Amino acid sequence: MGSKSFQSFDGKIRSLKQHLQLADVVLTNANKVCSKNAGNGKTIADTLSSSLATHAQLNIPNESIDISRTFATSRKKLNEQAIIELYAFFSDYLSSIIRELENTKPQQILNMVPSDTSTDLSYADIFSLGSYAQILDEIARRVYRALEAERCTPKLLDKFIKATKININTVLKEDSLLYLEIRHLIIHNNSRADSKLQKMNKRNLVSINSSNLCISINYPLSSSAIDKVYQLCSTIDSELIKHHLI
């Protein structure tokens with residue numbers, strides 16, 4: 001079953017995969033309908049038996065070039081969003097598991113915090129939080145925020161692994177971090193690879209256009225990313241349980 005944190009993560013991943021797979025099938029079938037009827041003089045909305053009153057942005061000629069462009073854009077956006085959500089779920093899992101660790105190994109939590117970060121709670125903080133459970137919640141949030149502030153997922157994960165002394169396969173960790181790094185590039189670099197990602201892409205798991213450095217963000221990529229990050233979190237959880245840390 002895993003920890004409570006992992007059970008929550010597992011549910012989110014199942015929902016994400018279901019949404020991604022359903023949307024991919026729907027786009028595939030809709031694309032086939034439009035392509036089969038290309039050049040029919042209608043819009044994409046009309047071809048798909050929709051209404052411009054409710055789907056005005058589909059007022060696009062049902063011509064081959066427009067069909068290709070429209071569906072390619074939607075597929076890219078779908079898979080970009082899946083990777084962004086995957087990163088959020090990964091972050092939520094780590095933040096939540098830190099809270100669980102506080103119940104058994106609180107000192108190891110403090111070992112994750114950068115040395116120049118204040119860990120003090122004021123009297124006012126303690127009074128306003130009201131209970132020991134809420135104090136622990138606040139400490140977990142602060143610890144994770146301190147880790148996140150370094151803006152480096154590999155460092156964040158390495159500190160977690162070092163503090164807990166768990167064993168994570170190096171290839172699994174590197175592959176997972178590669179996929180998680182794509183989220184940053186989707187948001188901040190228009191889905192183009194930078195030098196960091198190119199160095200991380202040792203095993204060519206990510207297809208990168210050599211001329212414009214655009215990352216091929218498609219269904220196989222997002223599916224592989226989800227599976228790999230799920231495997232990473234599952235392994236982390238199993239290791240924590242095996243070492244009686246949660």
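Modeller: A pocket is an open set of points on a 1 Å grid over the protein atoms alone, where a 1.4 Å probe fits, with protein on both sides within 12 Å along at least five of seven lines; lining residues have an atom within 4 Å of a point.

The model is predicted, so local features need pLDDT of at least 70 and side-chain atom pairs pLDDT 80 or more, while totals for chains, interfaces and linings use all residues. Residues are numbered from 1 along each chain as its sequence is written, and side-chain values use heavy atoms, without hydrogens and water.

The lining consists of 14 residues, and those nearest the pocket centre are Glu174, Asp175, Lys199, Met200 and Lys202. By class, 8 are charged, 6 are nonpolar and none is polar (nonpolar: Ala, Val, Leu, Ile, Met, Phe, Trp, Tyr, Cys and Pro; charged: Asp, Glu, Lys and Arg; polar: the others, Gly among them). Helices H7, H8 (170-188) and H9 (195-200) each supply at least two lining residues (helices are DSSP runs of H or I, at least four residues, numbered from the N terminus). H8 gives the most, with 6.

H8 packs on H10 at about 130 degrees, with their axes 9 Å apart (axes are lines fitted to C-alpha atoms over the stretch in contact, and angles run from 0 to 180 degrees between N-to-C directions). The two are therefore oblique to each other (under 35 degrees is roughly parallel, over 145 roughly antiparallel, 65 to 115 roughly perpendicular, the rest oblique). Their crossing is left-handed, with the near helix turned anticlockwise from the far one by less than a right angle. On the H8 side the contact includes Asp175 and Tyr179, and on the H10 side Lys228 and Leu232 (contact means heavy atoms within 4.5 Å). Its residues divide into 8 nonpolar, 4 polar and 3 charged.

H7 (residues 153-164) also packs on H10 (residues 219-242), at about 20 degrees with axes 11 Å apart, which makes the pair roughly parallel. This crossing is left-handed. Leu157, Phe160 and Thr164 of H7 meet Leu232, Ile236 and Leu240 of H10, giving 5 nonpolar residues, 1 polar and no charged.

H3 (residues 64-101) packs on H7 at about 25 degrees, with axes 13 Å apart, and is thus roughly parallel to H7. The crossing of H3 and H7 is left-handed. H7 contributes Thr153, Leu156, Leu157, Phe160 and Thr164 to this contact, and H3 contributes residues including Tyr87 and Phe90. Here 9 residues are nonpolar, 2 polar and none charged.
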